[in-house]
Amino acid sequence: MAAHRLGAAVRLCLLLAAAAIVGGMFGFLLVWGPLVVPGWALGASLLVLSLALAVVRAFLLRRNAASGEQRSARRRSPLWVGIATVAGVCSVIGGVGDLGATYTVLRPPGPGFCQAAVREHSFLFAGGGELYAVGLGGFGRPVSSWTVDDGYQPIASGSYDFTWEAEGALLTVHGGIDPVWPALHDFDCPARGS
């Protein structure tokens with residue numbers, strides 16, 4: 001009975017991992033307090049959890065077989081192995097694509113469950129960033145982006161102004177020597193009504 005429940009938990013973790021990775025491919029992320037978790041990282045964590053549960057399940061099945069209980073002749077489904085493989089490959093690709101990226105939750109938080117988060121990335125002489133509107137449950141969606149010269153990261157350097165107004169959030173990114181374009185970014189609070 002416990003092995004059956006563990007098998008269901010493994011499959012649930014695999015489905016959630018696939019959903020997190022697909023969400024990450026569309027730019028969604030998860031925010032918990034000051035922590036920003038991109039889709040590939042959440043998917044990889046769920047894959048590791050499913051692997052740990054599968055190992056515990058295999059141990060229970062062997063122990064039950066050794067004690068003389070009937071063991072079902074059920075084999076691994078190629079579907080679940082395929083989902084785990086594709087999710088694992090996509091997690092690695094997402095992680096490699098995120099090398100050097102920094103994530104920041106902007107303060108102060110907005111009204112209700114509203115927040116804003118930023119992802120900045122740079123490579124050689126180019127860089128950029130994305131602004132995310134974060135709503136109820138900590139789910140963030142991309143709402144704006146910018147590019148910058150020389151790999152400069154204005155948010156990580158503190159070169160920005162961020163305020164909440166009646167209409168929503170307003171982020172002004174300052175470039176200094178390295179120009180940032182566009183410099184103004186805004187969005188309506190995702191948790192607000194119409």
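Helices (H or I, at least four residues) and strands (E, at least two) are DSSP runs, numbered from the N terminus. The model on screen is predicted, so local features need pLDDT of at least 70 and side-chain atom pairs count only at pLDDT 80 or more, while totals for chains, interfaces and linings use all residues. Residues are numbered from 1 along each chain as its sequence is written, and side-chain values use heavy atoms, with hydrogens and water left out.

**Stop 1: Glu 120**

Select Glu 120, in strand β4 (residues 115-123). Glu 120 is buried yet has no salt bridge. Buried here means under 20% relative accessible area, exposed over 50%, and partly exposed in between (1.4 Å probe, protein chains only). A salt bridge is a side-chain nitrogen of Lys or Arg within 4 Å of a carboxyl oxygen of Asp or Glu. The nearest side chain of opposite charge to Glu 120, that of Arg 119, is 10 Å away; Lys and Arg count as positive and Asp and Glu as negative, with His and the chain ends not counted.

What does the side chain of Glu 120 reach at 2.8 Å? Then show the contacts of Glu 120 (heavy atoms within 4.5 Å). Leaving aside neighbours within four places in sequence, they include Gly 100, Thr 102, Trp 146, Gln 153 and Ala 156.

**Stop 2: Gln 153**

Move to Gln 153, in the loop between β6 and β7. Gln 153 is buried, with a relative accessible area of 14%. Not counting residues up to four places away in sequence, Gln 153 touches Gly 100, Thr 102, Glu 120, His 121 and Ser 122.

**Stop 3: Arg 119 and its partners**

A search of the whole structure finds two salt bridges. Select Arg 119 and Asp 98: the closest N and O atoms of this bridge are 2.8 Å apart. Arg 119 lies in strand β4 and Asp 98 in the loop between α3 (78-97) and β3 (102-106), so the pair ties together parts that are 21 residues apart in sequence. Both Arg 119 and Asp 98 are buried.

The relative accessible area is 18% for Glu 130, which is buried. Through shared partners, the salt bridges join Asp 98, Arg 119 and Glu 130 into one network.

**Stop 4: the nonpolar cores**

A nonpolar core is a set of buried Ala, Val, Leu, Ile, Met, Phe, Trp, Tyr and Cys residues joined through side-chain atoms within 4.5 Å. The largest one has 18 residues; select Leu 106, Leu 131, Trp 146 and Leu 171, which have the most contacts inside it. Two or more residues of this core come from each of β4, β5 (126-134), β6 (139-149), β7 (160-164) and β8 (169-173). The largest share, three residues, is from β8.

Another core, of 11 residues, lies apart from this one, with Val 10, Cys 13, Ala 17 and Leu 46 among them.

**Stop 5: the cysteines**

A disulfide is a pair of cysteine sulfur atoms within 2.5 Å, and by this rule the count comes to zero. Cys 13 is in no disulfide; the nearest cysteine sulfur, that of Cys 90, is 18 Å away. Is Cys 13 buried or exposed? Cys 13 is buried, at a relative accessible area of 8%, whereas Cys 90 counts as partly exposed at 25%.
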